[in-house]
Amino acid sequence: MKKSSFFGWAAIGLLENEVSKAIGSSAKSVSDRAEAVRFSKYFQHLSEKLGLPTRLRDLNIPKSALKKLSTDAMQQTRLLINNPRHISESDVLKIYKTIW
C-alpha cells in the first residue's frame, strides 16, 4: 500500500459506519493499521476495477509540477482546517511524489 493512502486514515480514528459496512468491515476504528490498509486497498482496487487513474502521471501531470501543486494545496485552507492531522507543504509534496 502506498504511504499516502494510510496518511489520512491513521489520524481519523473512526470509520464512517455506512462506509465501513459498504466494504464489508465491522471495524469501528482505523487505529488498527491492518484495518486501515484493508480499507485503503478496497478503494484502490475499486478504482482499478472501474478503470480510474490511480497515479498523477496517468492524468498527464508532469513530475515538474509537483512542487507547485503542493504549494497550491496549502492555500486550500477550508480543507486543511478540517484535516484531523497537521500536514505541512513538505508532507503534501511527499504524498504527491508517492502517487506520481
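From the N terminus onward, the elements of the chain follow the order α-α-α-α-α-α. The chain thus holds 6 helices and 0 strands, where helices (H or I, at least four residues) and strands (E, at least two) are DSSP runs numbered from the N terminus. The model is a predicted one, in which local features need pLDDT of at least 70 and side-chain atom pairs count only at pLDDT 80 or more, while totals for chains, interfaces and linings use all residues. Residues are numbered from 1 along each chain as its sequence is written, and side-chain values use heavy atoms, with hydrogens and water left out.

The chain comprises 100 residues, of which 23% are buried. Here a residue is termed buried under 20% relative accessible area, exposed over 50%, and partly exposed in between (1.4 Å probe, protein chains only). The accessible surface of the chain amounts to about 6900 Å², and carbon and sulfur atoms account for 56% of that surface. Accessible areas were computed by the Shrake-Rupley method with a 1.4 Å probe, and for residues only the protein chains shown count as cover. Contacts were also examined, a contact being defined as heavy atoms within 4.5 Å. Among contacts between residues at least 6 apart in sequence, 50% join residues at least 24 apart.

Charged side chains were considered next. Side chains of opposite charge can pair when their charged atoms come close. A search of the whole structure returned 3 salt bridges, each defined as a side-chain nitrogen of Lys or Arg within 4 Å of a carboxyl oxygen of Asp or Glu. One of them joins E89 and K67, with an N to O distance of 2.8 Å.

The side chains of K68 and D72 form a salt bridge with an N to O distance of 3.0 Å. K68 counts as exposed, at 55% relative accessibility, whereas D72 counts as partly exposed, at 33%. A further salt bridge connects D58 with R55, the closest N and O atoms being 2.9 Å apart. D58 is partly exposed at 34% relative accessibility, and R55 is partly exposed with a relative accessible area of 34%.

Rings of Phe, Tyr and Trp (its six-membered ring) were taken to pair if their centres lie within 6.5 Å, with planes under 30 degrees apart counted as stacked, over 60 as edge-to-face and the rest as tilted. The search of the whole structure gave 1 aromatic pair. It is formed by Y42 and F43 in an edge-to-face arrangement, with 5.0 Å from centre to centre and 90° between the planes. Y42 is partly exposed, having a relative accessible area of 32%, and F43 is partly exposed at 34% relative accessibility.

The backbone shows a feature at N60. The phi angle of N60 is near 60°, a positive value in a residue other than glycine. N60 lies in the loop between α3 (33–49) and α4, and N60 is exposed, with a relative accessible area of 69%.
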